[in-house]
Amino acid sequence: MNATVFLVDTLFSLYLMVVILRLWLQMVQADFYNPLSQFVVKATHPIVGPLRRIIPSIGRFDTATFVLAVAVCALKLITLGLMFGGSLNPVGIAILSVIGVIKETLSLMFWVLLLRAILSWVSQGQSPVDYVLYQLTEPFLAPIRKVIPPLGGLDLSVLIAIIALQFLQLLLQDTFPM
C-alpha cells in the first residue's frame, strides 16, 4: 500500500508543479517560445484551454490555471482519502487544496532557486533553461539585492530567498499539518 500511495502522491504532485509553473510563467511574462515553457503549455493546455472560456483572467493572474491547480490538489486529497477509507468533507478538501497549492508553490520556488544557484556555478548562461529560471526568480531576487547588494562578488540573495521560503514552509506546516 505504501508504494501505491507514494506513486499516486508523486504523480499528482508532479502535475500540480507543472500547473503552478504555468501560472508562474504567465505572471512573470516569461518567454513562451522557450522549450521548457512550451512543454508546460502543452502539458496543461488540454484542460486550461476549455477552462479559460468559462473562467476569465483577472489582470495578469490566470484564474483558470489557479482553479486547475486547486482541482488537481483536491483530486489528490480525495484519491488519497479514498485509499485510506477516510471521510470526505467538501469544505475541508477545498481549504486544504488551497493550502496545498500554496505549499507546493513554495516547494517549487525552493527547487527553482536551488537549480538556478547550481546552474550559475556550472553553466555559462547560454541554456534556454537558464534564461527561464532567471525570468522566474529575478522578480523576487532583485528586491533582496537592493537591500543586500552582492558582497565581494558573492550574491547572497538566493540564500536569503531560500531561508525565507523555508521559514514560510515551516510556518505553514506548523499551522496546517497535512
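Trainee: At what angle do α1 and helix α5 pack, and how far apart are their axes?
Mentor: In this predicted model, α1 and helix α5, which covers residues 128-147, pack at an angle of about 70 degrees. Their axes lie 10 Å apart.

Trainee: How are α1 and α5 oriented to each other, then?
Mentor: They are roughly perpendicular, because angles of 65 to 115 degrees count as such.

Trainee: Which residues meet there?
Mentor: From α1, the residues are L21, W24 and L25. From α5, they are V132, L136 and F140. By class, this contact of α1 with α5 has six nonpolar residues, with no polar and no charged ones.

Trainee: What about α1 and helix α4: what is the angle there?
Mentor: Helix α1 spans residues 2-27 and helix α4 spans residues 90-122. They pack at about 80 degrees, with their axes 10 Å apart. That makes α1 roughly perpendicular to α4.

Trainee: Which side chains does that contact involve, and from which classes?
Mentor: On the α1 side are S13, L16, M17, I20, L21 and W24. They meet V101, E104, T105, S107, L108, M109 and V112 in α4. The residues of this contact divide into nine nonpolar, three polar and one charged.

Trainee: Going back to L21 and W24: which helices do they meet?
Mentor: Both L21 and W24 are among the α1 residues that meet α4, and both also take part in the contact with α5.

Trainee: Changing topic, which residues make the nonpolar surface patch?
Mentor: F6, L7 and L11 make a nonpolar surface patch of about 340 Å². Of these, L7 is placed in helix α1.

Trainee: And how many salt bridges are there?
Mentor: A search of the whole structure finds five. One of them joins R52 and D62, whose closest N and O atoms are 2.7 Å apart.

Trainee: What does the R52 and D62 pair tie together?
Mentor: R52 lies in helix α2 (residues 35-54), while D62 is in the loop between α2 and α3 (63-84), so the pair ties together parts that are ten residues apart in sequence.

Trainee: Finally, how many helices and strands does the chain have?
Mentor: The protein chain has six helices and zero strands, and its pattern along the sequence reads α-α-α-α-α-α. Its C-alpha trace spans about 55 × 40 × 30 Å along the principal axes.

Note on methods. Residues are numbered from 1 along each chain as its sequence is written. Side-chain values use heavy atoms; hydrogens and water are left out. Axes are lines fitted to C-alpha atoms, for helices over the stretch in contact, and angles run from 0 to 180 degrees between N-to-C directions. Helices (H or I, at least four residues) and strands (E, at least two) are DSSP runs, numbered from the N terminus. Angles under 35 degrees count as roughly parallel, over 145 as roughly antiparallel, 65 to 115 as roughly perpendicular and the rest as oblique. Contact means heavy atoms within 4.5 Å. Ala, Val, Leu, Ile, Met, Phe, Trp, Tyr, Cys and Pro count as nonpolar, Asp, Glu, Lys and Arg as charged, and the others, Gly among them, as polar. Patches are made of residues with over 30% relative accessible area and no salt bridge: like charges are joined within 9 Å, nonpolar side chains (Val, Leu, Ile, Met, Phe, Trp, Tyr) within 5 Å. Accessible areas come from the Shrake-Rupley method with a 1.4 Å probe; for residues, only the protein chains shown count as cover. A salt bridge is a side-chain nitrogen of Lys or Arg within 4 Å of a carboxyl oxygen of Asp or Glu.
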